[in-house]
Amino acid sequence: MLLSSSSSTRMGAGHSVARSFFEPTPDDLLLYRELSLRLKAQPPSSLFRYIPTPAGQHLTRLGDCGTWAWAAVIKAAMACWNDLPTGGKIAEDGTQLNSTPERIAWEALRPVTPSDITLDVEPPIQIAAPAHFFSDLGIRFQDRVRYVEVVGACGADRVTRNDWEAHLLAQFDRRLEVYRQKCLTPEIWYLNDLLEPAQLQKRFLALVAQLRAGGTS
């Protein structure tokens, strides 16, 4: 179905104003703000595909239109509110992550990380040098590590929407093969998992408990 290039917004009795499809609506911007504050990071457009509301789906389609359309969403949101978290891959504590999805995971875990647990960025899964393979994140207790992979290509349904996401998913599958060769099972967090930081925290603390009990993979 073709998308209309504009829609009408009611502006008083008997009046309406044409709104371009490419212009984020007030509901779009409110959703963008809500999710940004929840995640402590400005979300990529790919996350909104898992929010089945008109605003979520409109934001998804704006993201599909290209970087210029998504930049307009960010600009409009920044013009409305000055309390939005920063965008990009650098976390609030200054940690440099490799992607926005990884940063979102980091922002969720950092506040609940116990003092005896270390969060690692790109820990090697091969201890002996030289290491050629690195996990996205590592949860470390003493000499035990649980590896975490943050899949930015798709949700748990593994449905991709474009060639780039298909490429990223293929890369992830190759990474899984390396884990299998090393008899390791990583913790996997997909895009839809990132929408609920509280659930990530619960999963994280369960992994911490396993590590303390002597488990790794």
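# Close-up views of a predicted model

**View 1. Strand E4 and its surroundings.** Of the 5 residues of E4, 4 are buried, so the strand is largely enclosed by the rest of the structure. The model shown here and in the other views is predicted. E4 covers residues 137–141. E4 has a place in an open sheet of 4 strands, whose order is E3-E4-E5-E6 and whose pairing is mixed.

View 2. Strands of a sheet pair through backbone hydrogen bonds, and the pairing can be parallel or antiparallel. The edges of this sheet are formed by strand E3 (118–121) and strand E6 (187–189). Each of these two has a single partner strand, so one side of each is left without a neighbour in the sheet. On average, neighbouring strands of the sheet are turned by 25° against each other, direction ignored.

**View 3. Pairing on the two sides of E4.** E3 and E4 are antiparallel and are paired over 4 bridges. Leu137 has Val148 in E5 as its bridge partner, and Gly138 stands opposite Tyr147 in E5.

**View 4. The turn between E4 and E5.** These two strands form a hairpin with 2 residues between them. Gln142 is found in the loop that links E4 and E5. The phi of Gln142 is positive, about 55°, although Gln142 is not a glycine. Is Gln142 buried or exposed? With a relative accessible area of 58%, Gln142 passes the cut-off of over 50% and so counts as exposed.

**View 5. Two cysteines.** A disulfide is a covalent bond between the sulfur atoms of two cysteines. How many disulfides does a search of the whole structure find? The search finds 0. Cys183 lies in the loop between H5 and E6. The phi of Cys183 is near 60°, a positive value in a residue other than glycine. Cys183 is exposed, with a relative accessible area of 66%. Cys65 has a relative accessibility of 31% and counts as partly exposed.

**View 6. The largest pocket.** The space in this pocket comes to about 820 Å³. Its lining consists of 37 residues, and those nearest the centre are Ser99, Pro101, Gly152, Trp164 and Leu168. The elements that give two or more residues to the lining are helix H2 (54–65), helix H3 (67–80), helix H4 (100–109), strand E5 (144–150) and helix H5 (163–181). Which element gives the largest share of the lining? That element is H5, with 6 residues. Sorted by class, the lining has 14 nonpolar, 14 polar and 9 charged residues.

**View 7. The whole chain, for orientation.** The protein has 6 helices and 6 strands. Read from the N terminus, the elements follow the order β-β-α-α-α-α-β-β-β-α-β-α. Of the 217 residues in the protein, 41% are buried.

Note on methods: Residues are numbered from 1 along each chain as its sequence is written. This is a predicted model: local features need pLDDT of at least 70, side-chain atom pairs count only at pLDDT 80 or more; totals for chains, interfaces and linings use all residues. Side-chain values use heavy atoms; hydrogens and water are left out. On a 1 Å grid over the protein atoms alone, a cavity is a set of points where a 1.4 Å probe fits but cannot get out, and a pocket is an open set with protein on both sides within 12 Å along at least five of seven lines; lining residues have an atom within 4 Å of a point. Grid points are joined across faces, edges and corners, and a volume is the space filled by probe spheres set on the points. Ala, Val, Leu, Ile, Met, Phe, Trp, Tyr, Cys and Pro count as nonpolar, Asp, Glu, Lys and Arg as charged, and the others, Gly among them, as polar. Two strands pair if DSSP finds at least two bridges between them. Axes are lines fitted to C-alpha atoms, for helices over the stretch in contact, and angles run from 0 to 180 degrees between N-to-C directions. A disulfide is a pair of cysteine sulfur atoms within 2.5 Å. Buried means under 20% relative accessible area, exposed over 50%, partly exposed in between (1.4 Å probe, protein chains only).
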